[in-house]
Protein chains: 4
Amino acid sequence: MTHKIAILGASGYTGAELVRLIATHPSMEIVALAANSKAGMAMADVFPHLRHLDLPDLVTIDQIDFDAIDLVFCGLPHATSQKVIRDLPKTVKVVDLSADFRLRDPEEYVKWYGGQHDALECQAEAVYGLTEFYREEIKSARLVAGTGCNAATGQYALRPLIEAGVIDLDQIILDLKCAVSGAGRSLKENLLHAELSEGYHAYAIGGTHRHLGEFDQEFSKIAGRPVKVQFTPHLIPANRGILATVYVQGDAQVIYDTLSKTYENEPFIQMLPFGQAPSTRHVRGSNFCHIGVTSDRIAGRAIVIAALDNLTKGSSGQALQNANLMLGEEETAGLMLAPCFP
Amino acid sequence: MTHKIAILGASGYTGAELVRLIATHPSMEIVALAANSKAGMAMADVFPHLRHLDLPDLVTIDQIDFDAIDLVFCGLPHATSQKVIRDLPKTVKVVDLSADFRLRDPEEYVKWYGGQHDALECQAEAVYGLTEFYREEIKSARLVAGTGCNAATGQYALRPLIEAGVIDLDQIILDLKCAVSGAGRSLKENLLHAELSEGYHAYAIGGTHRHLGEFDQEFSKIAGRPVKVQFTPHLIPANRGILATVYVQGDAQVIYDTLSKTYENEPFIQMLPFGQAPSTRHVRGSNFCHIGVTSDRIAGRAIVIAALDNLTKGSSGQALQNANLMLGEEETAGLMLAPCFP
Amino acid sequence: MTHKIAILGASGYTGAELVRLIATHPSMEIVALAANSKAGMAMADVFPHLRHLDLPDLVTIDQIDFDAIDLVFCGLPHATSQKVIRDLPKTVKVVDLSADFRLRDPEEYVKWYGGQHDALECQAEAVYGLTEFYREEIKSARLVAGTGCNAATGQYALRPLIEAGVIDLDQIILDLKCAVSGAGRSLKENLLHAELSEGYHAYAIGGTHRHLGEFDQEFSKIAGRPVKVQFTPHLIPANRGILATVYVQGDAQVIYDTLSKTYENEPFIQMLPFGQAPSTRHVRGSNFCHIGVTSDRIAGRAIVIAALDNLTKGSSGQALQNANLMLGEEETAGLMLAPCFP
Amino acid sequence: MTHKIAILGASGYTGAELVRLIATHPSMEIVALAANSKAGMAMADVFPHLRHLDLPDLVTIDQIDFDAIDLVFCGLPHATSQKVIRDLPKTVKVVDLSADFRLRDPEEYVKWYGGQHDALECQAEAVYGLTEFYREEIKSARLVAGTGCNAATGQYALRPLIEAGVIDLDQIILDLKCAVSGAGRSLKENLLHAELSEGYHAYAIGGTHRHLGEFDQEFSKIAGRPVKVQFTPHLIPANRGILATVYVQGDAQVIYDTLSKTYENEPFIQMLPFGQAPSTRHVRGSNFCHIGVTSDRIAGRAIVIAALDNLTKGSSGQALQNANLMLGEEETAGLMLAPCFP
């Protein structure tokens with residue numbers, strides 16, 4: 001059986017990544033691609049690397065007949081996404097890649113995103129899309145909220161440790177190194193090649209990055225008490241990748257064993273041998289997440305490092321993984337592409 | 001039916017690329033990986049990006065039982081390759097990725113590679129591996145010689161034009177821009193990141209690049225008279241890609257039509273609309289070749305630009321395409337991965 | 001004696017480059033920096049790398065008292081520049097970095113830039129700013145028109161050869177590889193890091209690049225008859241640099257000797273030993289131009305390759321070199337910085 | 001008065017950087033360049049970017065007449081350096097760029113560098129070369145030990161804070177992001193462009209990096225009790241730069257004021273406005289260090305970020321700054337070059 005798929009926001013990087021992945025999926029067919037600002041264009045003109053595929057032309061969202069759609073991937077900007085999803089027929093399954101349905105508490109949404117939510121009933125319904133930890137809920141969900149790409153990386157490193165109680169909850173520091181495609185295809189001076197190439201810097205310093213809302217929500221829920229982590233992202237001159245260096249206080253071997261046990265049957269989470277460090281180059285273009293653990297020379301300290309591709313496992317790959325579950329397909333369908341190195 | 005595959009020289013980039021592609025191939029199984037200098041190591045230790053695959057450990061060539069192998073990909077260095085292939089059982093099919101069997105005339109081999117050939121009988125048997133132009137011979141070949149990556153790119157732009165007689169054979173200039181993975185994983189000062197990043201230059205200037213042997217052989221054969229092109233490669237700070245800017249004298253529209261007709265049913269060669277220029281970013285990690293044609297402001301001049309990924313269509317992808325034909329499989333099996341952009 | 005300097009368009013890359021160079025100039029003082037869109041800001045907020053300098057805040061052009069200025073560098077956009085310069089007091093010397101005064105023939109201006117010129121009397125007065133070839137005129141000029149960066153590179157390779165009559169004037173091909181800072185700090189999708197990094201392509205193909213107007217003007221003037229070159233620029237994933245690979249028909253040794261003789265006393269033009277190829281990395285951040293010549297395997301063909309930094313020798317360094325001459329200073333003042341490698 | 005300078009190890013990046021800086025120095029003359037493996041070559045053949053300079057050819061160390069030398073910069077590999085410096089005449093001043101004389105305690109040297117020191121008397125004499133904190137000792141020193149580039153960066157962020165007692169000494173985490181030129185010009189697989197470009201990773205994890213010896217020595221000395229920091233370096237796909245993100249516990253405003261006061265008269269250390277983050281691109285190619293401080297959302301936590309160019313302020317620029325002091329010259333001579341951006 002072939003599922004009919006629509007992608008909204010198809011002219012952005014996450015839209016293109018979805019098309020790339022679905023191109024080799026055995027049971028999905030892309031029947032509609034929407035991008036209001038580029039409606040009428042052929043996808044090959046917006047993304048020439050997809051030229052070999054037989055894809056529908058871009059349309060406006062209004063032009064899509066959603067009764068003929070089984071599942072919608074929604075890659076629209078934050079705030080826009082919630083209004084569009086609110087108005088979709090309830091018979092359509094939705095995987096949202098925006099931030100609009102990630103936070104369960106409407107007040108937290110206001111705090112981090114600075115405006116009232118326009119689709120509170122959908123927000124109540126949405127399932128948080130970190131597949132490995134919400135698998136069962138996702139299988140029966142109608143609306144799944146894709147996680148932040150930084151938020152996913154940090155959670156892969158930390159959730160099992162918080163759950164198992166093997167680290168000090170008040171001494172967690174996440175130093176993230178993010179590639180530039182996470183900022184999307186928007187025209188901003190600091191995303192220009194001449195600005196970014198050969199230079200790097202911290203941004204959203206001091207605990208102001210919105211993905212902290214997700215960390216707070218999820219870590220506090222697992223711990224059963226408020227947990228606040230310190231989180232500083234850095235922009236790195238590379239196109240794909242997130243590397244999370246996580247400083248924790250606890251026994252490194254116990255930490256390693258806890259993570260290894262949690263992920264031993266996960267198809268996409270790969271534990272490196274103890275003491276090895278992952279690299280973004282080894283996950284590029286794939287849905288895999290590599291995790292390494294080492295002890296520090298200071299007793300009682302450990303470093304957990306997680307690497308994934310922000311566009312794949314951090315966004316569109318995660319979305320497809322969730323869609324597979326929602327549609328009753330094999331979870332790994334279309335996602336076993338090996339990383340593209342060098 | 002699953003074909004048993006061995007890869008010799010598996011610790012190089014072309015070896016890793018073959019593993020990446022075969023990972024999603026429906027009817028090939030990698031049963032042996034050889035790399036004499038790294039025998040005994042797990043492939044995941046040499047190429048951590050392949051960690052998720054269930055691969056045999058690296059062995060020496062001697063340790064392989066070739067009676068259990070259907071096809072060998074040979075990614076060994078030039079000169080070494082010919083001796084190894086000469087001594088393989090004749091029941092094994094071979095796709096060679098080195099330069100050893102590309103030139104049909106032993107004297108040309110001596111001229112370009114500077115030593116006597118050690119496997120002249122194999123050289124006589126080998127079929128030149130430019131799939132689109134040697135498809136029938138490849139289907140029945142035992143030994144196929146992979147082309148040079150630059151040689152492939154230039155030929156895609158020029159062969160149909162020479163064949164059709166629509167350009168001046170004495171005024172052909174190929175200005176190639178090559179990414180660094182084409183130089184392999186060897187330790188050379190000029191391949192260091194600190195040397196290459198943010199800088200670019202011509203190399204093998206003056207008509208000294210060995211791939212000219214292939215151009216001379218193939219173009220002269222097609223034309224029925226000696227054809228010598230001018231060819232200058234440049235090393236560009238990027239990992240994957242070849243962009244061939246080909247300056248020819250002829251009618252641009254006729255040139256475009258000639259190429260379009262030649263490639264209209266080819267699964268991997270994509271003609272862009274007239275007047276558009278391809279980019280390496282749009283073929284990265286894929287087996288596709290994009291070709292654009294435009295007329296110059298000087299009457300009677302045209303520019304043909306071809307872009308492909310040197311590791312895929314220029315090397316390992318081509319090798320797999322040929323192996324598919326030799327084994328009676330679908331030519332495109334394992335090769336329809338969309339390019340990885342951004 | 002210290003000359004009072006104003007820079008108009010100080011928030012662009014050429015403006016910043018001028019400040020960088022003038023920072024160590026022994027006899028220039030920057031007394032005004034104008035950038036209408038960022039007036040009121042400190043230069044350190046627009047360009048933090050200039051933080052250590054004691055610079056005036058950005059103002060609008062209207063706010064500058066030009067009676068207190070000896071020389072103006074005008075780094076405004078094309079078309080804007082001509083109006084501003086037209087209205088400056090005639091007592092002020094001007095080095096323009098835009099394209100507005102490069103073409104001597106008003107009709108050629110209309111042809112390449114698509115509109116009537118608004119300052120024809122200034123256009124008549126302007127001296128073409130290719131220092132090495134217009135040195136005497138520049139010394140006594142009030143208004144000097146900076147050349148195009150591509151145009152400068154190609155002319156360094158070709159002017160002496162056309163002048164000496166040692167190459168075929170109808171068979172000249174310039175294949176240029178340009179770094180991205182040449183496109184300025186403007187917000188365009190194709191200048192984003194995620195678009196450009198690890199990819200490269202030709203642009204302005206078919207003889208449509210505006211710098212051809214300069215080539216036509218200068219080469220025809222030298223030759224005493226119309227000369228049209230074929231010119232294809234390519235955008236390369238690097239920040240600084242232009243590499244011009246110039247294909248000519250003539251005797252390589254004669255060509256080399258001609259260039260060597262022309263440039264033997266030039267402080268900034270460096271001839272490499274015969275047969276060597278220059279690299280952009282070896283001129284980065286400097287005012288030097290490296291030129292190499294080699295013969296091709298095809299008799300009667302030669303390749304001339306010139307490398308320079310588009311922001312320095314191709315733009316702001318050239319401008320400062322010209323300003324030095326106009327102000328009676330040592331031509332090399334502030335310009336002997338060694339290239340920044342790696 | 002012109003000082004006669006020799007550079008040992010002139011074929012490495014730090015040697016080239018010294019030549020670049022000294023090229024515009026008003027009172028230094030390079031009279032000898034040594035590189036045993038490349039003796040006999042012209043410097044322009046080893047580093048073509050220095051082609052415009054009138055430099056002596058490379059020689060072996062034995063060939064240098066040290067009686068004619070005022071000061072030697074020694075850029076030799078660790079362990080080699082100590083033997084060479086031990087045997088130099090004591091009339092020659094020496095700035096060593098290796099690690100050989102950084103550690104005051106011979107046992108610490110053995111611990112971090114794994115062998116007995118061969119010049120203990122010189123080790124006793126050497127002054128630690130962090131200019132801003134050892135200025136007076138350096139002025140009268142004969143032998144100055146250049147600091148590690150990572151060690152310098154971390155100390156600029158932390159020394160005043162430890163001295164002032166405004167942070168918790170047991171909760172200091174340094175997460176460093178280092179560009180690749182810090183690893184030198186050596187031929188290692190992980191330094192190849194194809195390996196490093198578009199990828200990044202942690203290395204020397206767990207507190208094993210040798211620069212920790214310097215941190216331990218200096219921080220403990222200042223604090224008057226043992227201080228151990230947690231330090232994880234990361235290799236970033238860029239050529240120049242170190243960014244140290246330092247996580248500390250203390251009052252951010254007090255921290256900012258402490259740093260601002262310490263550095264208010266320093267010519268090369270620039271404090272950013274409170275709450276701003278520095279970028280490596282804004283110090284590239286210069287001797288400046290930018291420092292930013294911000295408070296975290298978690299009360300009592302602050303982030304100090306320092307950026308410098310590893311080859312300049314982290315190595316050769318620091319060496320020249322020290323040499324200026326040792327020779328009685330202006331400390332900033334030859335070092336006021338503005339950063340090269342973009």
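A salt bridge here is a side-chain nitrogen of Lys or Arg within 4 Å of a carboxyl oxygen of Asp or Glu. With that in hand, the count between chain B and chain D comes to 6 salt bridges. The model is a predicted one, and a search of the whole structure turns up 80 salt bridges over all chains.

Start with the contact between chain B and chain D. Chain B puts in 18 residues and chain D puts in 18 residues. Between them the two chains bury about 1,700 Å², with 54% of that on carbon and sulfur atoms. On the chain B side, B:L187, B:L192 and B:H193 supply 38% of the area buried against chain D, more than any other three residues. One of the charged pairs is B:K38 with D:E189, a salt bridge whose closest N and O atoms are 3.6 Å apart. There are also 12 residue pairs in polar contact between chain B and chain D. Helix α8 (residues 193-196) of chain B gives the most to the side that touches chain D, with 4 residues. Sorted by type, the residues on this side of chain B come out as 9 nonpolar, 4 polar and 5 charged.

In chain B, B:D175 pairs up with B:K177, the closest N and O atoms being 2.8 Å apart, and both residues are buried. In chain C, the side chains of C:E132 and C:K313 meet in a salt bridge at 2.7 Å, N to O. This pair links distant parts of the chain: C:E132 sits in helix α6 (residues 131-139) and C:K313 in helix α11 (residues 312-326), 181 residues apart. Both C:E132 and C:K313 are buried.

Chain D has a salt bridge between D:R135 and D:E331, with the closest N and O atoms 2.8 Å apart. Here too the pair links distant parts of the chain, D:R135 in helix α6 (residues 131-139) and D:E331 in the segment after α11 (312-326), 196 residues apart. D:E331 counts as buried because its relative accessibility is 12%, under the 20% cut-off.

Finally, the annotated site. An unreviewed UniProt entry gives A:C149 the annotation "active site". A:C149 is found in helix α7 (residues 149-164) of chain A. A:C149 has a relative accessible area of 15%, so this residue is buried. Leaving out residues up to four places away in sequence, A:C149 touches A:H211, A:I242, A:N310 and A:G314.

Terms used: Residues are numbered from 1 along each chain as its sequence is written. Chains are lettered from A and ligands numbered from 1 in the order in which they are written. This is a predicted model: local features need pLDDT of at least 70, side-chain atom pairs count only at pLDDT 80 or more; totals for chains, interfaces and linings use all residues. Side-chain values use heavy atoms; hydrogens and water are left out. UniProt positions are given in the numbering used here, feature names are shortened, and annotations may be inferred rather than shown by experiment. Helices (H or I, at least four residues) and strands (E, at least two) are DSSP runs, numbered from the N terminus. Buried means under 20% relative accessible area, exposed over 50%, partly exposed in between (1.4 Å probe, protein chains only). Contact means heavy atoms within 4.5 Å. Buried area is the accessible area (1.4 Å probe) that two parts lose on being put together, summed over both. A polar contact is a pair of N or O atoms within 3.5 Å; within protein, one must be able to donate a hydrogen and the other to accept it, and residues adjacent in sequence count only if both atoms are side-chain atoms. Ala, Val, Leu, Ile, Met, Phe, Trp, Tyr, Cys and Pro count as nonpolar, Asp, Glu, Lys and Arg as charged, and the others, Gly among them, as polar.
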